[in-house]
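The following note sets out points for a colleague who is meeting this structure for the first time. Please read each point beside the sequence and the model.

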Amino acid sequence: MARVPVPKRLLDALSDDPPGAVRTWLDALPETVERQLVAWELTLERVSTPGGRRGLVALVRQADGTPAALKFPVPGPDAECERAALAHWDGWGAAQLLRADPDTGALLIERLHGTVSLRSLPEAKALLEAAGTVRRLWVAPPEGHPFASINGRTEEDREVLRMLGAGGWTAEARPLTEEALELREALPAEPPEEVLLHGDFRQGKVLAGERAPWLAVGPAPIVGERAYDLARLVLDRYEDLAAGPGPAAAARRRVAKLADSLDVDRDRLRGWSLYRAVEAGLRHAAAGDRRRAELLLEFAGWL
């Protein structure tokens, strides 16, 4: 058997990690994949490229010829949370988890059409299908779950945002940064509900399937209010929105339409959308992507 290739994007994403468990996992990954293929009687078709930065996905065939996706998330709490969320949803609105190996962290998942996401649809249709999909994911979390809360996740962001918004050209956006930080304090204080959220729900994370027309993949699960999850969808295709007529009014209409279609409070959705736009914009700025950073901060200003 030829050595299983590790996608360059994953190698680059983990290249700066200090020696430790993750580097050891990465070095052993080709052999780990080969052993898993044998243990689960899978036939490798190909490794997905360019792939993601937090794991390797291989397209495989099961012993009976059924296609599937074999995923090896980067080890850590995030990997356990992804497994737990997929198991809890049990195929309801998300790709079905078929098998999991606690020793290797491998996940055997229902294969979807990786090249056909909601981004292939016109925006209005994509938002309609996205709303129908994410609604299914919002269920009560299981008892003893491993998922972080919105408060816990955003607590980690607080000092990062203060630092990123304090220097360089992003200092011009300080009023927006301060508003985002104020919203971060106020919104989690009295959450209207606590349900299991996808955590990174957007059109590109919803793929065409055989069992159902559209199913979500790649969760970064978290427990909290629906408005936080929906806020990431508000930001989708922000480049297209910015290039169109009346982008500020269009952004506000999108908030209102999504909030009303899913019975989410408009003000809370607007607040979380602004927060997530500023957070994403400042992180893009720190990574040197000024164009995306400026667009996201401009988007936040429209709200």
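Predicted model: local features only at pLDDT ≥ 70, side-chain atom pairs only at ≥ 80, totals over all residues.

1. Helix 7 (residues 226-234) is mostly covered, with eight of its nine residues buried. The buried residues are Arg226, Ala227, Tyr228, Asp229, Leu230, Ala231, Leu233 and Val234. Buried here means under 20% relative accessible area, exposed means over 50%, and partly exposed lies in between (1.4 Å probe, protein chains only). Helices (H or I, at least four residues) and strands (E, at least two) are DSSP runs, numbered from the N terminus.

2. Residues are numbered from 1 along each chain as its sequence is written, and side-chain values use heavy atoms, with hydrogens and water left out.

3. A salt bridge is a side-chain nitrogen of Lys or Arg within 4 Å of a carboxyl oxygen of Asp or Glu. Arginine 226 counts as buried at 19% relative accessibility, whereas glutamate 193 is partly exposed at 22%.

4. Which residues touch the most other members of the largest nonpolar core? They are Phe201, Leu230, Leu269, Trp272, Leu274, Val278 and Phe299, in a core of 74 residues. Such a core is a set of buried Ala, Val, Leu, Ile, Met, Phe, Trp, Tyr and Cys residues joined through side-chain atoms within 4.5 Å. Helix 10 (residues 266-286) gives the most to this core, with eight residues. Apart from this core lies another, of 22 residues, including Leu29, Leu42, Val47 and Ala58. In soluble globular proteins, nonpolar side chains tend to be buried together.

5. Leaving aside residues up to four places away in sequence, phenylalanine 201 touches Ala130, Thr133, Val134, Leu137, Val206, Ala216, Asp229, Arg232 and Leu233. Contact means heavy atoms within 4.5 Å. Arg232 also belongs to a network of salt bridges that links it with Asp200, Arg202 and Lys205.

6. Helix 6 (residues 174-186) has 13 residues and reaches 18 Å from its first C-alpha to its last, close to the 18 Å expected at 1.5 Å a residue. The expected span is 1.5 Å times one less than the number of residues. In helix 6, Leu176, Thr177, Ala180, Leu181, Leu183 and Arg184 are buried. These residues lie on the same side of helix 6 because they cover an arc of only 160° around the axis; the arc is that of the directions from the helix axis to the C-beta atoms. On the other side, Pro175 and Glu182 are exposed. The buried residues of helix 6 pack against helix 5 (150-164), helix 10 and helix 11 (290-302).

7. The structure holds 21 salt bridges. In one of them, the side chains of arginine 184 and glutamate 155 meet at 3.2 Å, N to O. This pair links distant parts of the chain, with arginine 184 in helix 6 and glutamate 155 in helix 5, 29 residues apart. Arginine 184 is buried, at 3% relative accessible area, while glutamate 155 is partly exposed, at 35%.

8. A further salt bridge joins the side chains of glutamate 294 and arginine 290 (2.7 Å, N to O). Both residues lie in helix 11, four residues apart, about one turn of the helix. Glutamate 294 is partly exposed, with a relative accessible area of 36%, and arginine 290 is partly exposed at 41%.

9. Turning to the strands, strand 3 (residues 67-73) and strand 5 (residues 107-110) pair in the antiparallel sense over four bridges, and alanine 69 stands opposite isoleucine 109 in strand 5. Two strands pair if DSSP finds at least two bridges between them. Strand 4 (residues 97-100) and strand 5 also pair in the antiparallel sense, over three bridges, and alanine 100 stands opposite leucine 107. The hairpin of strand 4 and strand 5 has six residues between the strands, and in this hairpin glycine 105 takes a positive phi near 80°.
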